[in-house]
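Here is a walk through one structure, taken step by step for someone meeting it for the first time. Please look over the sequence and the model before reading on.

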Amino acid sequence: MNNDQCSVVSGNKPLDQNYWDGQYKAKATGWDLGQVSQPIKEYFDTLQNKNCSILIPGCGNNYEAEYLLQRGFTNITVIDIAPTLVQDIKQKFAGNSNIKIIHGDFFEHQGQYDIIIEQTFFCALPPTMRQKYIWKMHQLLVEDGILGGLLFNRSFELSPPFGGSQEEYGKLFNSAFDFLKIDVARNSVLPRANSELFIEFKKSSNVKVNLYQFEGIACASSMTAVTTKFEGLNDVLNTSMSTNFAEVLIVSKNEIHIEELQKAISYDEKYSITKSY
């Protein structure tokens, strides 16, 4: 794994493998509930297919995976970037063939899953990576696969965690996913009461979800102008750009040729767009 992956600076702290490993070594894990969160536990209790493939990214101490195993689920994959944590959980689940434990960068991971569980992973990623998160989740899910779990519906003075809002998520995930549920969780732990959204998003079928590198933008007004240009193209369903203006996510009915995208922004010679993957 390339340790530079997932390396984004928050203040003067690069949020890379070394940062997260240091948090676990120092036991500075204030996000750790010590148990599976109640909304996710209740969601697990509704799942009937014990053989469905489930991925838990940014898995932490794996209370969710432990509960699934206790319930008889047989095809669980967990991934985390922190080597100290991964070594600990490998020992914890040693000999259990129903769980696969991976030390690695989620954004480099390859696979296909029926369900991906979101639990304090999205909020650990700086907002600059949100377009990439949506692209990768869509890539990893099977047709009609489910992204389920919890997202914060609040802001934070110190980050990580990085907050968000229901309105923001509605725009970010639009068209790439069908919203089966996005409601305030009524059974969160007390410190998170009324500040979590339970989500159940189904991967949209028959759409193209592509991530692009973008160069030339220096302000939010220019970003709005560019995304408006893209959204005016035939077959484009949704467009969003990262907060550092470096990446743009485009959801479309059909593949949009890069030449067409470049032509749409040709009014400014500074602008250029290239496909990321």
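This is a predicted model: local features need pLDDT of at least 70, side-chain atom pairs count only at pLDDT 80 or more; totals for chains, interfaces and linings use all residues.

Contact here means that heavy atoms lie within 4.5 Å. In soluble globular proteins, nonpolar side chains tend to be buried together. The largest nonpolar core in this model has 36 residues, and those with the most contacts inside it are Phe-44, Ile-54 and Val-78. Helix H3, spanning residues 63–70, gives this core its largest share, which amounts to four residues.

The next feature is a pair of helices. Helix H5 (residues 130–140) packs with helix H6 (residues 166–173) at an angle of about 55°, their axes being 10 Å apart, and because of that angle H5 is oblique to H6. The crossing of the two is right-handed. On the H5 side, Arg-130, Gln-131, Tyr-133 and Ile-134 meet Glu-168, Leu-172 and Phe-173 of H6, so that, by class, four nonpolar, one polar and two charged residues form the contact.

Arg-130, which lies in helix H5, has 3% relative accessibility and therefore counts as buried. Leaving out residues up to four places away in sequence, Arg-130 touches Phe-122, Phe-162, Gly-163, Gly-164, Glu-168 and Leu-172.

Technical notes. Residues are numbered from 1 along each chain as its sequence is written. Side-chain values use heavy atoms; hydrogens and water are left out. A nonpolar core is a set of buried Ala, Val, Leu, Ile, Met, Phe, Trp, Tyr and Cys residues joined through side-chain atoms within 4.5 Å. Buried means under 20% relative accessible area, exposed over 50%, partly exposed in between (1.4 Å probe, protein chains only). Axes are lines fitted to C-alpha atoms, for helices over the stretch in contact, and angles run from 0 to 180 degrees between N-to-C directions. Angles under 35 degrees count as roughly parallel, over 145 as roughly antiparallel, 65 to 115 as roughly perpendicular and the rest as oblique. A crossing is left-handed if the near helix is turned anticlockwise from the far one by less than a right angle, and right-handed if clockwise.
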